[in-house]
Amino acid sequence: MVDATDLADREITRERLDQASSSQFAAQGSCLKEARSLLQRLWGYEDFRPLQEQVIQALLDGRESVVVLPTGGGKSLCYQVPALLKSGLAIVVSPLISLMFDQVSSLQEVGVAAAAIHSGLSNQERQLIAGQIRSGELRLLYLSPERLMTDRMLGFLEQVPLSMVAIDEAHCISDWGHDFRPEYRMLSGLKDRFPQLPIHAFTATATQEVRQDIARQLGLANPQFHVGSFDRPNLIYRVLPREDRDQQVISTIRRHPGESGVVYCLRRKDVDDVTMMLKQAGFRALPYHAGLPDEERHANQHAFLNDHVEIIVATVAFGMGIDKSDVRFVIHTGAPKSLEAYQQESGRAGRDGLDAECWLFYAQGDSALWRSLQANLPEEAQQTAQQVLAGMEGFCQSTKCRHRAIVEYFGQAGESGKCGACDICLGELTEVEDSLVVSQKILSCVVRVEQSFGADHVCKVLVGSRAKNILNRGHDKLSTFGLLKGVDLKVLRHWIEQLISQGFLERYGEYSLLRVTPAGRLVLKGVQSPRLLVANSTSFRQTGIAQVAWAGVDRELFEELRDLRRQLAAERGVPPFIIFGDAPLREMASVRPLSTTSFRQIRGIGDKKTSLYGEVFVAVISRYCHERNLAGDQFALRDQSQNSPPATVDQSPPIKREPGEIQKRAYELFSSGQELEAVAKVLERSRSTVAQYLEEYILDRGLQDGRPWVEKNEFSQIEVAFEPEDNRRLKPAFDRLNGQVSYEKLRVVRACLQNRGHWPM
Ligand code: ADP
Ligand code: ZN
């Protein structure tokens, strides 16, 4: 992992850092200032997120702390930045080699001297690291808990000036959580060996018990608790009944051509089946589950992390240790056993803060499967398991905003109002017209069968089934028999679940019989009104989040830059996301920097990355612009249209962002039928910029006809040059037309074709 020559040219030595932080004992304010300046210089980010700032202050002050931030919340910087500003070596405890490897590579990529000691190192490599520790060059040392807690390591570290211990995935110390690791318990002994050394614990796990347990187990002295919001505004949640699994999975993947995603299955067999199915359908997919030989599992994980395949199909075994930042979708082909598990698994999407989709396809049978797996648990554990399972079922059936439901489950107040990023708020589920009457019919049927039957039976009575067990009990004589004749049984079942999740019905007893709650009685009296929904899953629109995140991004250039990133990553032996995340890549594809100076201004790119990659990227971008007669260095556009990075969710929630003023004026001019050239003149913008506006305008309005920008005959000519497998790329069509048609016209036609459904969205 750590190569001597590599370290020598990459590291930031203590001396250089000291130039940045003139004194360890500077006033607090100026410490934060130095922290910010490091952030800008090394990482190329403008500022800390609010909670990061608090945490960094606490770490600089040596206040022990427990930090809870969701995946993608930016935990690593919270300890990495202070580690560079404080004197002494920072120890980072991490459970898995793969996690250490990614962190160390990322640090080295921005020019920080960091290393990990693990079983895979040669003696010589170990010696090299030890030397760097003694000389004070190394700033962060990553260790597993079991390695740190050996007498030998502790003895060695006692002779070295240390700044702090940061414990990553700290919830592993608690057996209250779902990821308990006995090795983590050994960390309880840290305080005995290093009573003065501040310890900071980091986790994404939410529950209060776990947080307290972490502090207790580690023996933290009066720790500060920093708890961030559990909402992940960039994730778009959709929860649908599973109907045709394979079809549902395929059409979801088609929304993400060329992008990375995870498909979770409940059972190994499903993993194998789905992988096979996807391969046959022409996708690059690999399986991952605990039943595969170690080697194959590792190879498959490696292929996914390094973008050799787009899709990994997995059981829950695939998870911790994956910090690939550009996972653009997570599909669940069945409901997990708890909402906590769902949050963790779906949370692997969009760590980079960019839009990502989380689709959950559930069925009644999922819960039954979990119950059967939990049947052997001790009584108490079984009860808890069933409780959390019920929480998951409630989530599936609920008509509440998904973001809000998740946040509230973890005990935080959810935002009221529409999130713009879930099926409920996007209106993809429509309300049944006479919800109240339908609900009353269902509830009174439950009463008529004397609250002694389960959902299946109630449904059968309502649709007027002549099944034996209905007739035998004389339930065909009930006044509610056949009241909802013609309604699909599945839909009816769904409504019953909705009534349960809204608290109007409840299940009781061993056989899950239905009864009406006091709130349900109010419905029968017409005092309260439930909302019943049906999924109109025919069209899942592109959400505002995705539109904004892609606004102005030249997808074709983005793809070219992605190829370049993949190539560089292979040369350097690191996963592509370590080189750049998707966020800087999208910004490059929108701004098109033409010099290393402007390259450095892309958010998320610091000094080191500019010197390592600036020239190659600028070369590709310049050629691209030249070939298409496009202007570069469009910073004004970036800053004017969105005051904040085009795609991250840091500053302002992207959902609320509107097209900029100029863009709106362009739209007006287009709608009055103005030509591109004329609009460019009026707005004093380059043709290429205006061509982008035009494409967005056509997409926004759903236009399917290219006039007046492309005449009918020409449109037909261009249309045939676009092949669906081009993935919206312009270049193949450009080539097929022998370079005779401008990219501007190609864009117009592409947008119209997209609106006609030529490509899956
Ligand atoms: P976590 O460990 O909490 O899951 P990471 O530390 O991996 O999160 O950070 C998630 C993403 O957010 C990374 O791509 C990181 O570079 C980015 N990030 C972190 N802090 C900032 C910041 N202040 N501004 C912009 N991006 C940031
Ligand atoms: Zn919502």
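This is a predicted model: local features need pLDDT of at least 70, side-chain atom pairs count only at pLDDT 80 or more; totals for chains, interfaces and linings use all residues.

Residues are numbered from 1 along each chain as its sequence is written, chains are lettered from A and ligands numbered from 1 in the order in which they are written, and side-chain values use heavy atoms, with hydrogens and water left out.

**Around ligand 1**

- Ligand 1 is surrounded by 15 residues (each with a heavy atom within 4 Å of it), and the closest are Tyr 45, Gly 72, Lys 75, Ser 76 and Arg 351.
- That shell is made up of four nonpolar, six polar and five charged residues; here Ala, Val, Leu, Ile, Met, Phe, Trp, Tyr, Cys and Pro count as nonpolar, Asp, Glu, Lys and Arg as charged, and the others, Gly among them, as polar.
- Helix H5 (residues 75-85) gives the most to the shell, with three residues; helices are DSSP runs (H or I) of at least four residues, and strands (E) of at least two, numbered from the N terminus.
- A polar side-chain atom of Lys 75 lies 2.8 Å from an oxygen atom of the ligand.

**Backbone details**

- The peptide bond from Arg 707 to Pro 708 is cis, with omega near 5 degrees, and Pro 708 sits in the loop between helix H34 (687-701) and helix H35 (712-719).
- Asn 222 is not a glycine, yet has a positive phi of about 45 degrees; its place is in the loop between helix H12 (208-218) and strand S7 (224-227).
- Asn 738, also not a glycine, has a positive phi of about 55 degrees.

Definitions and conventions
A polar contact is a pair of N or O atoms within 3.5 Å; within protein, one must be able to donate a hydrogen and the other to accept it, and residues adjacent in sequence count only if both atoms are side-chain atoms.
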